[in-house]
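Please have a look at the sequence and the model on the screen, and then I'll walk you through a few spots.

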Amino acid sequence: MVDQWLDAVTILDVIAVVAVVSTFVTFLVKVGAPLVRLSRAVHDFIDDWRGRAEVRDAAGNVIEVATSSIPARLARIEHEVSPNHGSSAHDQLMKAIGELAGEFNAFREESTADRRGLHKRIDALGPPHNID
């Protein structure tokens with residue numbers, strides 16, 4: 001029975017099977033590899049979203065540092081950029097800007113006074129003299 005089946009197989013049948021198998025393998029490589037990369041990226045994103053606990057080896061040395069979850073990081077950032085009576089980065093920046101503006105205004109007033117004094121001294125010299 002097996003001999004009859006093998007006798008019925010032609011070279012075209014073998015080529016067709018090889019073509020189908022190679023097409024299937026090529027499809028798996030072309031589609032499967034990107035799907036594996038995508039699944040790893042999704043897994044990494046989910047890990048980042050949830051945060052990771054610190055990982056230690058048997059000796060107690062830190063292998064992987066703990067990371068906070070993305071919502072916790074966003075809450076910390078929101079706290080820093082929102083006004084909250086002096087302790088946020090936003091409040092400190094606004095204080096520094098206010099101090100800088102005060103220094104700038106003092107310099108501008110001093111500069112204006114210096115210019116006025118210079119104009120008075122020039123006016124005291126009288127009109128320009130033409131020497132021919």
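I'll go through the helices, some charged side chains, a ring pair and a few individual residues.

Before that, some housekeeping. This is a predicted model, so to speak of local features we need pLDDT of at least 70, and side-chain atom pairs count only at pLDDT 80 or more, while totals for chains, interfaces and linings use all residues. Residues are numbered from 1 along each chain as its sequence is written, and side-chain values use heavy atoms, with hydrogens and water left out.

Let's begin with helix α4, which covers residues 89–124. Helices here are DSSP runs of H or I with at least four residues, strands are runs of E with at least two, and both are numbered from the N terminus. After α4 comes G126, with a positive phi near 95°.

D91 is buried and yet has no salt bridge; K95, the nearest side chain of opposite charge, is 11 Å away. Let me give you the cut-offs. Buried means under 20% relative accessible area, exposed means over 50%, and partly exposed is in between, using a 1.4 Å probe and protein chains only. A salt bridge needs a side-chain nitrogen of Lys or Arg within 4 Å of a carboxyl oxygen of Asp or Glu. For charge, Lys and Arg count as positive, Asp and Glu as negative, and His and the chain ends are not counted. What does D91 touch, not counting residues up to four places away in sequence? The answer is P83, N84, H85 and G86, where contact means heavy atoms within 4.5 Å.

Now to S88, in the loop between α3 (70–81) and α4. S88 is buried, at a relative accessible area of 0%. Its side chain reaches the backbone oxygen of S82 at 3.0 Å. Leaving aside neighbours within four places in sequence, S88 is in contact with H79, E80, S82 and P83.

On to the charged pairs. How many salt bridges does the structure hold? There are four. R52 meets D47 at 3.9 Å, N to O, and R52 also meets D48, at 3.3 Å. R52 is partly exposed at 28% relative accessible area, D47 is partly exposed at 22%, and D48 is partly exposed at 28%. Then R56 forms a salt bridge with E54, the closest N and O atoms being 2.9 Å apart. R56 is partly exposed at 47%, and E54 is partly exposed at 39%. Through shared partners, salt bridges join D47, D48, R52 and E64 into one network.

Next, the aromatics. Rings of Phe, Tyr and Trp (its six-membered ring) pair if their centres lie within 6.5 Å; planes under 30 degrees apart count as stacked, over 60 as edge-to-face and the rest as tilted. By this rule there is one aromatic pair. The ring centres of F45 and W49 are 6.0 Å apart with the planes at 35°, so the pair is tilted. Both F45 and W49 lie in helix α2 (residues 11–50), four residues apart, about one turn of the helix. F45 is partly exposed at 48%, and W49 is partly exposed at 43%.

What does I70 contact, leaving aside its neighbours within four places in sequence? It is in contact with F45, D48 and W49. I70 itself is in helix α3 and is buried, at 19% relative accessible area. I70 and D47 are 23 residues apart in sequence and 9.5 Å apart in space, C-alpha to C-alpha.

A19 is in helix α2 and is partly exposed, at 37%. The C-alpha atoms of A19 and D57 are 38 residues apart along the chain and separated by 50 Å.

How values were computed:
A polar contact is a pair of N or O atoms within 3.5 Å; within protein, one must be able to donate a hydrogen and the other to accept it, and residues adjacent in sequence count only if both atoms are side-chain atoms.
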